[in-house]
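Q: I am new to this structure. Could you walk me through how to read its features?

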Amino acid sequence: MRKIWRAIWNRQRFEDDLADEMRFHVEARAADLERAGWDKAKALREARLELGAAEHHKEACRQARGLRWLDEFRLDLLYALRGLGRNKAFAAVAIATLALGIGANAAIFALVNSVLLKALPVPNPEQLQAVYWVLPGEKKTFHTNSSGRAMREGNVRVRNMFSYPHFERLRAELAPKADLFGHEGLGRINVTVHGQAQLARGLATSWNYFSALRVAPQLGRTFVPEDETAATPALVVLLSHAYWRNTFGGDRSILGREIGIGDQKATVVGILPPGFHGIDPGESMDVVMTLTAWDQISKAESRNDARRWWVKMMARLQPGTTAAQLREETETRLVNLLRAEPVREHYDAPKIRLIDGTRGLHWMRQEIEKPLQLVMLTALLILLMAAVNVGGLMLARSESRVPETSARLALGAGRLRVARQHLTESLVLALAGLAGGLFLAGVFGSALVSLLARGGQAPEFNLLPDARFAAIALAGTLVTAMVFGLYPAWRSSRLQLGPAMKRAGGARTGRLPMGKVLVATQVGLSLVLLIAAGGFLRTIWNLRSLTLGFTPDHLLVFSADPTQAGYRDQQVVDYYNRAQQSLSAAPGVRLASFSRYGFLQGGAQSTGFSIGDSKGGPPRDLGGVRVHSIAPGYFETVGVPLLAGRSVRNSDTQKAQRVILINQKLARLVRPDGGSPIGLTLIEGDRARTPYEIIGVTGDAKYNSLRDDVPLTVYRPFAQTNIRGATFFVKSSGDPLSMASTVRRVMSAVDSSVPIYDMRTQEEQISLAMERERSLAKLLAGFGVLALLLAAVGVYGVLSYSVTRRTSEIGVRLALGAQPAALRTMIVRESLPAVVVGGACGLYAAWWFTRLLESFLFGVKPMDEPSVAGAVAVLGLAAAFATLIPAYRASRVSPMSALRYE
Amino acid sequence: MAEAELLPGTLDLLILKSVSLGPQHGYGILLRIQQITGQALKIEQGALYPALFKLETRGDLDAEWGVSENNRRAKFYSLTAVGRKRLKAEVGAWTRLTMAMTAALNASAEEL
């Protein structure tokens with residue numbers, strides 16, 4: 001390496017030394033000859049003669065150093081730079097085209113790398129296994145908290161949460177085989193810093209989370225066993241490095257200080273290292289506490305409750321244990337634990353599934369793997385188009401340099417040298433494109449991250465380039481350079497000297513070699529992308545015009561959680577009643593109500609329900625049902641119609657009869673005969689709890705997802721449930737957003753210590769829910785436009801080049817009496833087959849490509865006719881313009897100037 | 001005196017040998033080779049320098065600018081450890097070759 005470095009920078013020095021050495025030799029020899037009695041001048045001459053041709057020896061010396069290729073490369077580089085400098089327009093177009101293609105790919109690959117490929121930044125990540133479970137007989141759920149994320153494997157839902165007592169027992173029992181640790185993302189929690197309440201992202205972990213991951217604190221300590229296992233653990237928290245820097249300015253004296261979490265005080269004992277974002281790529285946290293500390297702060301009382309499943313588990317295998325052994329052991333022990341409990345007999349035992357945890361949690365990858373692959377594939381198509389485009393330009397350029405190239409060959413340049421010269425130029429272009437692309441990647445990158453946003457919050461990713469990124473980017477660029485540079489280079493090295501030299505002086509005729517292939521490729525590729533973009537635009541349209549089942553207009557929504565400010569039991573109910581009354585009385589408010597969960601916010605609770613048999617037989621199982629806790633006035637406010645019976649009233653309190661409303665879908669299941677379900681009894685869960693009397697039937701409404709069907713839903717009065725946080729709905733007479741400040745004022749008057757958050761209009765919330773679809777659609781539509789542009793420029797470039805080269809031919813035709821109109825037809829007709837063939841290939845490729853897209857589309861089938869028709873029309877128009885302009889120009893050529901051309 | 005043509009590859013060996021006797025500049029190496037071969041070999045003076053460069057690039061020789069006996073700036077070559085090892089190996093190989101060749105060329109019908 002040093003040698004190469006020296007060879008480049010000490011080039012002059014090397015030459016001087018070489019000359020010096022030769023001179024010394026000659027002079028020393030001459031001196032010797034003089035001593036032997038030669039005349040001085042004659043001696044010098046003789047010495048020179050004996051040495052022979054100095055230049056020849058020098059060249060041999062240079063070659064002997066083995067660095068000749070480097071010298072040549074330097075020359076090629078200078079030559080390429082000079083050539084591009086002389087042809088700035090060509091260079092600019094080529095570099096911009098490549099930068100677009102490379103930039104799109106680099107941005108997407110950075111994301112793919114971060115989400116799908118990078119291992120967790122902990123030692124030996126390959127020993128990590130995430131623990132999931134699957135219930136063979138689906139439908140029934142035997143856990144009461146479904147906030148844990150479930151993912152699908154085929155039709156089976158795989159879940160990843162366990163109860164704390166189960167986790168604690170499993171951790172102790174499995175200790176010889178694996179270091180089992182638990183964690184649960186807390187979402188945003190109320191943190192009081194410097195006397196001010198704010199929301200921070202919380203994470204609850206078992207005490208051994210950090211020791212098992214082998215993450216050492218940046219400052220202070222991580223957790224010790226007592227932080228979790230003590231009956232009443234001391235409340236201690238760890239802060240993420242970024243949160244510490246942003247909120248406390250990196251103040252080291254923070255250790256030992258107290259911050260408020262909920263209505264409690266917790267002591268900061270440690271700062272996590274920078275770059276550690278937890279085990280879920282994309283779900284980062286600010287404040288970390290132990291599971292039991294969180295249980296205490298949130299007063300959830302789930303620590304000893306084996307029915308509340310909320311702890312996610314991961315394990316680090318001990319040396320010598322295989323994943324299969326751990327899986328079997330975990331399953332046996334879990335089933336034993338479940339058997340020991342009295343109430344689970346009619347559920348099948350869950351099956352344990354281990355998923356490789358090297359790169360962190362699984363669900364995020366599974367969720368975005370396909371969209372990312374799709375986007376990556378599309379970006380590669382764009383890059384291919386860009387390369388084809390630049391290839392066309394290069395080809396045209398090398399054609400116009402035929403005289404120069406043939407002169408070089410005639411003067412004895414090696415054919416390989418000529419090809420290398422051209423390839424060097426491609427390389428320079430590609431590297432410049434890479435530089436521009438990396439810049440653009442930064443711009444595209446932020447747009448891409450929104451693809452992964454959930455509930456309006458973009459996740460944090462470590463998009464910083466690593467060695468893999470650098471290697472792939474460089475390799476990709478080189479391959480691109482090969483794609484567009486190899487053929488022109490190969491062609492110019494294969495130049496037939498005779499014809500080329502003869503042609504050099506005279507008129508050049510004929511078309512651009514491969515021109516038709518270039519046109520067809522451009523047309524085909526852009527057709528694929530346009531059809532895909534059309535499908536996505538239609539998907540957005542379809543999602544927008546969906547039947548929601550509720551009325552989003554004039555609706556302002558926000559969330560509040562009085563339990564985070566210390567409210568308990570009846571106080572919570574009173575708080576909500578007060579808030580509802582104050583909001584309803586505020587000016588501009590037509591209706592105000594609240595519910596445990598809002599629409600499309602991602603929260604949901606579902607429980608197994610069964611319907612009591614009126615003739616006294618055993619209850620009939622209905623499967624999992626979504627449960628909502630609502631306030632009076634809810635249905636009127638959100639616009640879900642009440643079809644029969646009555647809604648919730650203020651008199652439905654803890655002491656009153658338990659009542660419930662069901663949606664139409666559930667009503668059909670309850671009374672398949674179409675009779676009225678009102679007055680029947682619903683029973684929750686697997687325990688004979690107090691039954692609920694059905695008091696009303698509502699319309700069907702979508703809740704969690706626009707794409708999924710309406711779920712089976714029940715509504716219970718909030719006063720009869722253990723409601724904690726809630727989403728408020730305010731129906732205004734005017735613009736809902738203009739109500740925001742009024743609402744804040746009212747809520748602050750009710751109690752300023754309760755933070756309210758996520759305030760937006762319901763329509764905005766719907767848009768947010770479609771964020772991913774929309775981002776994907778925008779991205780693909782953008783790619784489609786880009787492809788169209790590239791295709792138009794490419795087709796235009798190739799055709800106008802061909803027309804220019806045929807100027808003299810056209811002149812002859814005109815001089816011989818050809819009609820301009822006939823000439824135009826001729827030129828258009830000549831390019832038509834390429835466009836048609838390219839289009840046909842494009843349609844075939846699109847048929848295949850849209851099949852890949854199917855799961856992203858909504859209400860649109862692959863090769864959806866309007867998208868295809870639209871894409872063909874748009875592309876046809878672009879191709880027509882790209883063809884007609886050169887044809888028109890050609891027909892306007894004056895015969896005389898055409899004949900004189902060159 | 002009749003000068004023999006140099007066999008291909010032998011120049012490298014001769015250079016290594018002559019430098020092994022002490023650091024020397026290019027012209028000195030030429031003189032020394034002529035001296036130790038008793039002027040019996042014809043050395044192409046120009047071929048000397050590419051050979052030197054090759055050996056230097058390969059790491060057999062070290063080069064340093066110094067002052068010659070007549071107070072002029074000259075490039076002095078010396079043997080590196082690698083070069084010493086190579087010299088030893090090549091001398092061995094050469095000896096085996098010449099012995100085998102001599103034996104073969106002196107063979108007579110009776111000895112078979």
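**Helix packing, interface and pairs**

A: Start with two helices of chain B. α2(B) and α3(B) pack at an angle of about 120°, and their axes lie 10 Å apart. Keep in mind that this is a predicted model.

Q: Why give an angle and a distance?

A: Two packed helices are described by the angle between their axes and the distance between the axes. For α2(B) and α3(B), the crossing is right-handed.

Q: Which residues of α2(B) and α3(B) meet?

A: From α2(B) come Gly26(B), Tyr27(B), Ile29(B) and Leu30(B). They meet Gln45(B), Leu48(B), Tyr49(B) and Leu52(B) in α3(B). By class, the residues of this contact are six nonpolar, two polar and no charged.

Q: What does a helix pair in chain A look like in the same terms?

A: Take helix α18 (residues 515–544) and helix α26 (residues 820–853) of chain A. They pack at an angle of about 35°, with 7 Å between their axes. The crossing of α18(A) and α26(A) is right-handed.

Q: Which residues make the contact of α18(A) and α26(A)?

A: The α18(A) side includes Val519(A), Val523(A), Gly524(A), Leu527(A) and Phe536(A). The α26(A) side includes Ala834(A), Gly838(A), Gly839(A), Gly842(A) and Phe849(A). Sorted by class, the contact of α18(A) with α26(A) has 15 nonpolar, five polar and two charged residues.

Q: Now the interface. How much area do chain B and chain A bury between them?

A: The size of an interface is often given as the accessible area lost when the parts come together. Chain B and chain A bury about 1900 Å² between them. Of that area, 59% is on carbon and sulfur atoms. The contact draws 20 residues from chain B and 20 residues from chain A.

Q: Which elements of chain B give two or more residues to the side that touches chain A?

A: They are α2 (26–36), α3 (45–58) and β3 (73–79) of chain B. α3(B) gives the most, with eight residues. By class, this side of chain B has ten nonpolar, six polar and four charged residues.

Q: Where can I see a salt bridge within one helix?

A: Look at Asp20(A) and Arg23(A). Their side chains meet in a salt bridge, 3.2 Å from N to O. Both residues lie in helix α2 (residues 11–35) of chain A. They are three residues apart, about one turn of the helix. Over all chains, the structure holds 27 salt bridges.

Technical notes. Residues are numbered from 1 along each chain as its sequence is written. Chains are lettered from A and ligands numbered from 1 in the order in which they are written. This is a predicted model: local features need pLDDT of at least 70, side-chain atom pairs count only at pLDDT 80 or more; totals for chains, interfaces and linings use all residues. Side-chain values use heavy atoms; hydrogens and water are left out. Contact means heavy atoms within 4.5 Å. Buried area is the accessible area (1.4 Å probe) that two parts lose on being put together, summed over both. Helices (H or I, at least four residues) and strands (E, at least two) are DSSP runs, numbered from the N terminus. Ala, Val, Leu, Ile, Met, Phe, Trp, Tyr, Cys and Pro count as nonpolar, Asp, Glu, Lys and Arg as charged, and the others, Gly among them, as polar. Axes are lines fitted to C-alpha atoms, for helices over the stretch in contact, and angles run from 0 to 180 degrees between N-to-C directions. A crossing is left-handed if the near helix is turned anticlockwise from the far one by less than a right angle, and right-handed if clockwise. A salt bridge is a side-chain nitrogen of Lys or Arg within 4 Å of a carboxyl oxygen of Asp or Glu.
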